[in-house]
Amino acid sequence: MTLVELPKSAAGAMPPSSQRGLHRLMMGAVALLLILGVTFGLTEYYHASVPIPREKPGSTQVRAENLRPGVANAIVAAVDPDFHQQSDEIMWPSTYLTKRYAVVAMETSWDDLDSWRVRVGAHKLEGWYTKAQLLDFYLNTAHYGQGAIGLVDASMLYFGKHPRDLTVAEAALLGVHLDPDPGDVAAAWNRVLDTMVEHGWLNAGERTGLLLPKTIAR
């Protein structure tokens with residue numbers, strides 16, 4: 001026996017390299033399954049712990065289908081142009097507009113908009129209600145600035161009219177005011193209209209003829 005050789009009994013007891021590799025692979029697979037199992041269990045527990053946010057009625061209710069053509073989509077274009085599409089999020093998918101409504105319905109802080117709890121709540125909302133219902137909920141509970149909550153209050157505050165009489169240009173301006181810090185209002189208003197054209201909600205010729213509406217002086 002040389003210094004670099006092992007006794008035959010010891011050499012025979014060592015598993016071949018292929019067996020050692022298979023053993024490591026199996027141990028890794030078992031560990032991965034355990035991690036996935038624990039993660040799935042915790043995810044399901046957290047999902048179950050968040051109740052479905054219930055409809056939070058506004059002061060006066062309006063329905064998108066009763067508004068003039070394009071008015072509701074002007075709000076959608078300002079807030080979440082992809083609202084009518086399916087979310088591409090992997091876990092607890094939901095649209096941005098639904099998340100905004102979830103914050104109101106769950107009576108939580110806007111700082112929690114991207115929290116897991118709001119994500120779960122919004123995901124449950126989209127499983128419980130239709131997109132049309134969720135849009136109605138949002139229109140009637142959203143904050144349009146200057147203390148106006150809901151489309152009826154906002155329409156009366158800014159234009160002195162009922163939402164059913166709003167024009168697309170006026171609705172687009174209300175959509176701008178959903179942002180608490182809209183910056184250049186005229187530029188934001190134009191972006192909303194351009195988004196509507198891009199999504200086929202407004203004819204390009206009609207868009208060209210629209211002017212920034214004047215609000216009631218206060």
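**Core, central helix and salt bridges**

The largest nonpolar core has 50 residues, and those with the most contacts inside it are I75, L135, Y138, Y144 and L174. Such a core is a set of buried Ala, Val, Leu, Ile, Met, Phe, Trp, Tyr and Cys residues joined through side-chain atoms within 4.5 Å. At least two residues of this core come from each of α3, α4, α5, α6, α7 (151–159), α8 (168–176) and α9 (185–198). Helices (H or I, at least four residues) are DSSP runs, numbered from the N terminus.

The model is predicted: local features need pLDDT of at least 70, side-chain atom pairs count only at pLDDT 80 or more, and totals for chains, interfaces and linings use all residues. Residues are numbered from 1 along each chain as its sequence is written, and side-chain values use heavy atoms, with hydrogens and water left out.

Y144 illustrates the packing. Leaving aside neighbours within four places in sequence, Y144 is in contact (heavy atoms within 4.5 Å) with I75, L139, G150, L151, A154, Y158, L174, H177 and L178.

Helix α4 (residues 96–105) is largely enclosed by the rest of the structure, because 9 of its 10 residues are buried. Buried means under 20% relative accessible area, exposed over 50%, and partly exposed in between (1.4 Å probe, protein chains only). The buried residues of α4 include L97, Y101 and V104. They pack against α3 (71–79), α5 (116–128) and α6 (131–141). After α4 comes E107, whose phi is positive, near 55°.

Salt bridges were considered next. A salt bridge is a side-chain nitrogen of Lys or Arg within 4 Å of a carboxyl oxygen of Asp or Glu. By this rule the count comes to 4. One of them joins R63 and E65 (3.4 Å, N to O). R63 is partly exposed, at 46% relative accessibility, whereas E65 is exposed, at 58%. R63 also meets D136 in a salt bridge (3.9 Å, N to O). This pair links distant parts of the chain: R63 is in the loop between α2 (17–49) and α3, and D136 is in helix α6, 73 residues apart. D136 is buried, with a relative accessible area of 13%.

A further salt bridge pairs R207 with D194, the closest N and O atoms being 2.9 Å apart. R207 lies in helix α10 (residues 204–208) and D194 in helix α9, 13 residues apart. R207 is buried at 14%, while D194 is partly exposed at 34%. Salt bridges that share partners join R63, E65 and D136 into one network.
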